[in-house]
Amino acid sequence: MVPTQGLQISLLLLVLGSLHCGSCEPSVDTRTSSKAIGKVEDKGTMSHERVKRGWVWNQFFVVEEYTGTEPLYVGKIHSDSDEGDGSIKYTISGEGAGTIFIIDEITGDIHATERLDREEKTYYTLRAQARDRLTDQPLEPESEFIIKVQDINDSEPKFLEGPYIGSVPELSPIGTSVMKVTASDADDPTYGSSARVVYSVLEGEKYFTVDSQTGVIRTAVADLDRETQDRYELVVKATDMAGQMGGLSGSTTVTIVITDVNDNPPRFPQKMYQFSVSEGAAVGTAVGRVMATDADMGENTDMSYLIRAEDGGELFRVSTDGETQEAVITIQKPLDYENMQTHRVVVEAVNKHVDPRFVDLGSFRDQTIVVVTVSDTDEPPLFRPSAGAVMEVHEDARVGTLVGIVNAVDPDVENAPVRYSIDRGTDQEKIFNIDAVTGAITLGKVLDRETAGWHNVTVTAVEADNHSQASQTTVSIRILDVNDNPPELATPYEASICEDAKPGQLIHTISVVDRDEPQSGHRFYFTLVPEAANNRHFTLWDVKDNTAGVRTQRAGFNRREQNVYLLTILVADGGSPALSSTGTLTIHVCGCDTDGTIQSCNSTAYVASAALSPGALIALLVCVLILIVLVLLILTLKRQRKGQRMSEDEEDMRDNVIKYNDEGGGEQDTQAYDMSALRSLYDFPEVKGSESGPDLRSLPQWIQSRVTGDGGPADFSLFRGYIRKKVEQADADLSVPPYDSFQTYAFEGSSSPALSLSSIHTLSTASEQDFSYLSDWGPRFRQLAGFYVPSHLEEDAS
């Protein structure tokens with residue numbers, strides 16, 4: 001502290017003597033002489049000068065837990081400027097000033113008025129001040145000091161984390177560490193032995209120990225057995241003052257759980273179990289459940305089961321239920337009461353997780369006997385063999401040939417009749433038949449191995465007196481091959497050679513296909529047909545591996561002379577009887593480059609590839625131009641002729657269709673339609689007359705009726721004028737299409753010689769109209785004439 005320029009004060013620290021604390025340091029008078037020389041540091045400069053007295057102080061100590069009735073004297077502050085006349089007033093401020101600590105303003109004595117606890121607060125920081133009593137002005141700068149609470153052994157050790165829970169595996173060796181406990185003492189660890197703690201076991205020391213210094217708990221015995229006792233309660237004590245007399249102590253409870261190890265084998269509660277099952281039970285049906293117990297816990301109880309077969313191990317299997325750890329015994333193969341009624345099965349339980357440390361304790365497995373009794377049921381027939389029969393028949397066998405016999409027996413009744421049938425779903429074409437009584441399978445149709453080499457037929461067998469008991473088996477019928485297909489050349493049937501081919505050069509390899517499959521394998525023989533055997537161009541070489549090679553026999557070929565050669569090859573197989581066929585190999589002569597690569601196999605291409613002179617090219621172009629001009633001229637002439645025809649067709653507009661709408665006279669009227677008259681219908685002006693008059697037999701009857709009484713020709717001018725008028729109207733009509741069209745007109749003429757045929761004018765009975773002319777109109781009007789001709793005329797006629 002740098003003193004002020006004015007009065008400097010020395011602080012006298014009086015320490016409580018041995019009266020209050022026998023272990024405290026002796027009192028020290030900290031006042032300095034007024035003639036003392038001090039060193040004052042001011043911004044790094046040092047000078048030796050005489051200074052005035054200032055505060056000289058040290059720590060105050062006060063004992064905790066003071067129980068006296070009077071305030072406890074702490075210490076005294078004093079200034080050298082105090083002459084004892086009471087002109088200086090001492091004050092303190094800071095932690096506890098005025099409440100816990102008080103000061104005598106005149107003497108500077110400091111007292112503690114309350115009971116202090118070091119465990120709550122270890123020291124107090126205060127500030128001292130000397131002031132002029134009259135002016136209350138500070139005589140010295142304020143100075144800070146500390147009052148430290150001195151410890152006594154007033155706090156016992158405490159286990160702050162208790163109670164404790166630990167664990168240790170069973171059968172652990174002696175000295176195995178279990179856990180660590182720790183006690184805390186609130187006393188000052190730096191002062192005396194008040195905070196020095198030691199540990200000991202109050203309860204459970206027979207099984208566990210505790211390290212007195214570290215608090216580590218260890219096993220005291222090696223035979224801790226979880227199955228006997230799975231937890232232990234310990235009481236651990238912690239004592240301060242290093243365990244000396246008068247020290248304080250605290251305790252806690254420690255629970256130690258003994259964890260499990262796999263030290264116990266599985267055990268079956270019974271040495272024998274009995275179950276019953278029907279022989280008709282399906283594969284996979286559960287027969288029963290057994291369970292072994294294990295004194296261990298958790299995964300140490302996991303076990304697996306297996307069957308030690310005595311006389312039924314192949315018929316049953318065992319599995320482990322993952323939830324209940326039970327052994328589930330199920331049927332693995334069909335049971336047969338007639339074959340065996342009782343089965344003895346040995347089931348063994350084995351621990352899955354065996355601890356190698358405890359293998360010397362014994363075998364970790366156990367066995368029990370399971371007796372399974374099979375009860376009898378009505379069973380369907382059984383085929384012999386049960387796996388299905390394989391039969392063979394040659395493909396050339398005749399219809400009705402015996403293929404094989406299937407056999408099924410009733411397992412319940414000896415020699416019981418069985419009936420057989422074929423499931424037509426597996427033989428839709430009815431290729432095979434079966435005898436219902438004997439089970440003999442015969443052919444129903446002709447076979448062809450090349451179409452189907454195998455046939456799988458399902459045969460059903462039922463009891464004769466109980467058709468509900470049925471069983472099936474699959475009969476595989478193999479069709480044996482016979483040599484009924486000749487060998488044929490495999491594609492391609494074409495080959496190519498170069499013009500500069502050399503003698504003996506291989507140009508093509510021939511392979512053969514045969515739909516037959518002889519058991520000894522194929523063997524083919526190749527020869528040229530007699531017509532080609534003596535050719536001078538090619539030879540055939542049998543390679544003996546069911547292939548043949550075609551080789552050239554001479555050197556050099558000219559495709560301009562002959563560009564294609566046909567070589568007929570005869571192929572025979574080695575069957576019995578041997579079959580053969582011929583095939584033609586087409587050999588093309590081609591142009592090749594120097595490397596033998598084929599360039600062209602066409603003789604015309606060879607000619608076109610020759611070089612042309614410039615004159616030949618010009619002549620060729622001129623010919624092409626002339627052809628083009630001729631084609632254009634022909635097209636132009638055709639177009640002109642077509643235009644002329646169209647104009648002529650537009651001018652020639654006439655009706656070319658004649659419609660004849662005359663009604664016939666019935667089946668008896670054989671003269672109603674005279675086609676010759678119809679064809680000459682419009683040839684009215686050309687009707688020729690004769691000396692006896694015109695020939696009217698070629699005209700229809702309605703035209704004949706128009707002939708005048710003097711034998712002159714009929715007058716058609718009325719119709720002719722009508723038609724001409726209609727033609728003129730059609731020519732002038734712009735909506736008519738510019739080609740031949742069909743026009744239909746209906747014109748009755750100006751009058752009729754028969755007058756009106758209406759019966760309106762005949763209402764009067766006095767009508768004298770004569771209808772006798774109706775009889776002359778022909779057969780079509782004969783019935784009408786019968787109604788209008790008077791009755792007396794009919795009587796006269798009769």
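**A tour of salt bridges, disulfides and one buried glutamate**

Begin by selecting Glu-227 and Arg-226, whose side chains meet in a salt bridge with N and O 3.0 Å apart; the term salt bridge stands here for a side-chain nitrogen of Lys or Arg within 4 Å of a carboxyl oxygen of Asp or Glu. The model on screen is predicted, so local features need pLDDT of at least 70 and side-chain atom pairs count only at pLDDT 80 or more, while totals for chains, interfaces and linings use all residues. Residues are numbered from 1 along each chain as its sequence is written, and side-chain values use heavy atoms, with hydrogens and water left out.

Arg-226 counts as buried at 12% relative accessibility, whereas Glu-227 is partly exposed, with a relative accessible area of 27%; buried means under 20% relative accessible area, exposed over 50%, and partly exposed in between, with a 1.4 Å probe and protein chains only.

The structure holds 15 salt bridges, and another of them joins the side chains of Glu-142 and Arg-127, at 3.7 Å from N to O. Glu-142 sits in the loop between β8 (123-132) and β9 (143-150) and Arg-127 in strand β8, so this pair ties together parts that are 15 residues apart in sequence; helices (H or I, at least four residues) and strands (E, at least two) are DSSP runs, numbered from the N terminus. Both ends are partly exposed, Glu-142 at 41% relative accessibility and Arg-127 at 32%.

Next, select Glu-499 and Arg-559, which form a salt bridge whose closest N and O atoms are 3.7 Å apart. Because Glu-499 lies in the loop between β34 and β35 (506-513) and Arg-559 in the loop between β38 (547-552) and β39 (564-573), the pair ties together parts that are 60 residues apart in sequence. Arg-559 counts as buried, at 6% relative accessibility.

Now turn to the cysteines, where the structure holds two disulfides, each being a pair of cysteine sulfur atoms within 2.5 Å. In the link of Cys-498 and Cys-592 the sulfur atoms are 2.0 Å apart, and with -90° about the S-S bond this link is left-handed. Cys-498 belongs to strand β34 (residues 494-498) and Cys-592 to strand β40 (residues 580-592), so parts 94 residues apart in sequence are tied together. Cys-498 is buried at 13% relative accessibility, while Cys-592 is partly exposed at 24%.

Then select Cys-590 and Cys-601, whose sulfur atoms are 1.8 Å apart and whose link is right-handed, with 100° about the S-S bond. Cys-590 is in strand β40 and Cys-601 in the loop between β41 (598-600) and α2 (603-608), eleven residues apart. The relative accessible area of Cys-590 is 0%, which makes this residue buried, whereas Cys-601 is partly exposed at 30%.

Finish at Glu-64, in the loop between β3 (60-63) and β4 (72-76). Glu-64 is buried yet has no salt bridge, and the nearest side chain of opposite charge, that of Arg-118, is 4.7 Å away; Lys and Arg count as positive and Asp and Glu as negative, with His and the chain ends not counted. A polar atom of the Glu-64 side chain does lie 2.8 Å from the backbone nitrogen of Arg-118, and the side chain of Glu-64 also reaches the backbone nitrogen of Ile-152 at 2.7 Å.

Terms used: A polar contact is a pair of N or O atoms within 3.5 Å; within protein, one must be able to donate a hydrogen and the other to accept it, and residues adjacent in sequence count only if both atoms are side-chain atoms.
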